[in-house]
Amino acid sequence: MESLAQLEVLCERLYNSQDSSERAHAESTLQCFSVNTEYISQCQFILNNTSSPYAQMLASSSLLKQVTDHTLSLPLRLDIRNYVVSYLGTRGRELQSFVTTSLIQLLCRITKLAWYDDDRFREIVKEATTFLTQATTEHFYIGLKIFNQLVAEMNQANGGLPLMHHRKIACSFRDLALFQIFQISLTSLRQLNGDGTDERLKEQAINLALKCLSYDFVGTSLDESSEDLGTIQIPSSWRPILEDTATLQLFFDYYAATKPPLSKEALECLIRLASVRRSLFAGETERSKFLTHLMNGTKDILQKAQGLADHDNYHEYCRLLDRLKINYQLSELVSVEGYNDWIRLVAEFTIKSLQSWQWASNSVYYLLGLWSRLVSSVPFLKIDSPTFLDGYVPKITEAYITSRFDSVQAVVQNSISEDPLDNEELLQDQLDSLPYLCRFQYEKTSLYVIQLMEPILQSYTEAAKITPSMGNDELSVMEGRLTWLVHIIGAIIKGRQSSNSGAESQEIIDGELAARVFQLIQVTDTGSHIQRYGQRSKQRLDLAMLCFFQNFQKVYVGDQAMHSSKQLYARLSELLGLQDHLLVLNVIVGKIATNLKCYTQASDVIEQTLHLFQELAAGYMSGKLLLKLDAVNFILGHHTREYFPFLDDFSCSQNRTTFYATLGRLLFSEDSPIKFKPAMEPIQQVLLTLEATPDSAFRTDVVKFTLIGLMRDLRGIAMATNSRRTHGLLFDWLYPAHMPLLLRAISHWTDTPEVTTPLLKFMAEFVFNKSQRLTFDSSSPNGILLFREVSKLIVAYGTRIMALPTPSDPYSFKYKGIWIMLTILTRALAGNYVNFGVFELYGDRALADALDIGLKISLWIPLEDIMGFRKLARAYFALLEVLCHNHTSVIVMLETSTFTRIVGSLEAGLKCLDLSISTQCASAVDNLAAFYFNNITSGENPNSQTAVQMARHISDCPTLFPEILKSLFEIVLFEDCANQWSLSRPMLSLILINEQIFNDLKAQILSSQPPDQQQRLAGCFDKLMNDVARTLEPKNRDKFTQNLTLFRHDFRTK
């Protein structure tokens, strides 16, 4: 670097250039400043001598990276800290804001990381306060900015800092400094309150107050992306300032006097104050006084309509109202003077919000939550004070339903971009609160719903008889309104589970409402309505019915539900003749069958229909009842595209697996093998047709789509086999007659993932020994025969897929099929249903070929690609774990270069953030290290062929095991590993192989630690091997694991 001017030019290119190659060159040239600790003094030189903001930014950000990534000496860190404080004081006013921000971040980072190293680092509060006392606005701004960044830094976990150490620093900062900083924020807000003050200062001050109140006081690590807060555990030392009503009033005043974003942040502070723990207050009197002030403040905002025209303010205000009920009991709210006016204003505000549903759609959730919590508390209210809820809640419920009807009209007129019915998350949130409101004055509300529904239902019934049908818009409005009513009734029925009242009158009303939905079902698929399956409004209506069915069957279907719901079924019997749950199930299954017959394009309707069907089949009681229905038996015997056209639609082909898994579950739930073959007849015909197709016609689209559907169907059936008997039925049906078709298909269609993926997924399911379903008689060769088929299949696929050129998207074209292939091999090897010794004994190449192709294809894929695709990595490391455990000799007998690559990949897997991969790699390394220890170190069988080969590998690559042991120690000591038990197993094996390696590693780790800590840490290492013998017996392993836990704790404690 010839001159400072040259560096300034490079820095400007780094941050400003539009040319990516220029930026890359500048970055590589300047990288030394952030990587090499020798450049720290040069960073200070740059800051002292340049006026270029880009050069200043480089120096500041480089120092930040150096401080974060390297353990610098204490004097150097103190020097950097003092330099930054001085630099901000003398030159802070003239710096660009992004440079100031970076320097402040550097100051706060170094303060946090050295918090326990020297008390001088803790003086930052005092030094930042001096900025506030200086005459200039810029200094005041920098002081507030330092406090803001300091609180944020202390509250946020850093990547290189263990979580336990972060919490220790955060708690110390909370106890020593946070309260003082919160007081500074309040003092600053009071000083700045008024017109003419710099808005930037106000923003920093209110941000600081919000950060203090949002601090993670007890280490609960709240999700910052969520708006939902728990109770805030503010320390007791804060009590005087929070009990002082002037604190609350300050934020109400700021809300009234400012505009967003300041007013919004004032409300956020109030939300957190409303969430403080109950035990913070000295007594009920103080807490009641605090609540009174909160309620009066929120009431004043409503009376004056302050700031609620702004959407951000409006949303936060709704959250504030909701927090009042979450954190306070109804009895406390009712006891506050002025409650009558408050509840009236809140009710009016809620009704107005519901009427303005387009503007307030995301905020309605909080208002409905508030009212549902209020009415849920009424049964537990022990005081006689009136709640006034009886008059307001029905009006709010009616306003909600009316607003939903208005949204339907808006959708049809295209005046809104998204139908609220299509926003599933928001819809579900609202429907979860609704049952409490509806059941509060149930008779009144249900009468309102029925009065709304009856005329629409009558018109819709009449419309079915009109040919041609009435206008599309008119029908869409009807269907939209019916959709909302069905959703609401479904939510009310679901609310029966959590309802406090078990009164028979409520059950009768449930019957009245449910009867209207069942009545609608009789109409929706008749007359001219059968032409509307392509209309989105009709699809939404059918989706709402499926939700209703799900809720109804959970509450009212089953022997126990039937016994306890006599009033409901009596009412249904009077109105519709549905006197028991079997008849209701018949209606539900009839609708399921109709949907599957009539919908071909609407994949979401088909998916939800199949989900409901699967849910019914999976229930013990409902599954048994289904088999009594003629409709279900018809489906079991006629599951072809002629009856269910969706099976012929490629876009719905993924749903076929769910469909056949459900049919399989029903088929196998009865212990009746006689039904199996007739039920499989449609699939049998497909198999026979494909088998009869000549090779010349096997690459046509017809064969392609038939194969895809067939494999998805077979996988669904295989998923339903959960016992030895049922899996045996499928195995005997497929083998040996139809297995050659799979091999033929994989050979002809290797280059087409749409075919190979479902085929391989079926095979992966078929060979998976879940629930010990693949258990064969001692005289049965089926396990060996199945593995031979597996071997043929993966050899055919593996050899061909490697020979194909790799396209731009390697995952979709190759790697996806490969990871499924590796999963098949892993499951077959680990299934415990094959005696693998038989293959070598009789000269059968099936096992050798399968292992050979598995290893070849694993080594063919670059390691960075394996680590880059999570599913591929999981399959690869799962295979290595099985091979190292069950087929160690196969791994050991590989060439040294291959062995080294495999073991090197295990080291990379140990460092993976995916715990399952890390654990698998630890197990694989442990098996290899234990093999070395048992056969070579302890000399049990040092002259065997495998032992000699293993010794040769380690002799040729002496750093192989030491590097893994080093990585394991680094993970355990310096990272937050959740699988410490698994990692401890290979550590002991590796230590026992060669204790000199362990001693060298110990010296290496100690030398990297601060000198003043080395003696203590050496003592920790000495204790690690206390009472640990030179064996790999389970008890000895457990002792080492216990020692390692203590060692890790002591080592990480500063």
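Student: Which residues in helix 38 meet helix 39?

Tutor: Phe787, Val790, Ile794, Tyr797, Gly798, Ile801 and Met802 in helix 38. In helix 39 they meet Phe813, Lys814, Gly817, Ile818, Met821, Ile824, Leu825, Ala828 and Leu829. Contact means heavy atoms within 4.5 Å. Helices (H or I, at least four residues) and strands (E, at least two) are DSSP runs, numbered from the N terminus.

Student: How do the residues of that contact divide into nonpolar, polar and charged?

Tutor: The contact of helix 38 with helix 39 has 13 nonpolar residues, two polar and one charged. Ala, Val, Leu, Ile, Met, Phe, Trp, Tyr, Cys and Pro count as nonpolar, Asp, Glu, Lys and Arg as charged, and the others, Gly among them, as polar.

Student: At what angle do helix 38 and helix 39 pack?

Tutor: Helix 38 (residues 782–803) and helix 39 (residues 810–830) pack at about 155°, and their axes are 10 Å apart. That makes helix 38 roughly antiparallel to helix 39. Axes are lines fitted to C-alpha atoms, for helices over the stretch in contact, and angles run from 0 to 180 degrees between N-to-C directions. Angles under 35 degrees count as roughly parallel, over 145 as roughly antiparallel, 65 to 115 as roughly perpendicular and the rest as oblique.

Student: Where did the model come from, and how are residues numbered?

Tutor: This is a predicted model: local features need pLDDT of at least 70, side-chain atom pairs count only at pLDDT 80 or more, and totals for chains, interfaces and linings use all residues. Residues are numbered from 1 along each chain as its sequence is written, and side-chain values use heavy atoms, with hydrogens and water left out.

Student: OK, the whole chain now. How many helices and strands?

Tutor: The chain has 52 helices and zero strands. Its C-alpha trace spans about 90 × 90 × 60 Å along the principal axes.

Student: What share of the residues is buried?

Tutor: Of the 1054 residues, 54% count as buried. Buried means under 20% relative accessible area, exposed over 50%, partly exposed in between (1.4 Å probe, protein chains only).

Student: Now Leu629. Where is it, and is it buried or exposed?

Tutor: Leu629 is in the loop between helix 30 (620–626) and helix 31 (630–637). Leu629 counts as buried because its relative accessibility is 5%.

Student: What does Leu629 touch, leaving aside its neighbours within four places in sequence?

Tutor: Leu629 is in contact with Leu582, Leu585, Asn586 and Val589. Leu583 is 46 residues away along the chain, yet its C-alpha is 9.0 Å from that of Leu629.

Student: And Ser356, is that buried or partly exposed?

Tutor: Ser356 counts as partly exposed, because its relative accessibility is 32%. Ser356 is in the loop between helix 18 (339–355) and helix 19 (364–377).

Student: What about Ser967, buried or exposed?

Tutor: Ser967 is buried, with a relative accessible area of 4%. Ser967 is in helix 48 (residues 960–974).

Student: Last one. How many residues of helix 49 are buried?

Tutor: 13 of the 14, so helix 49 is largely enclosed by the rest of the structure.
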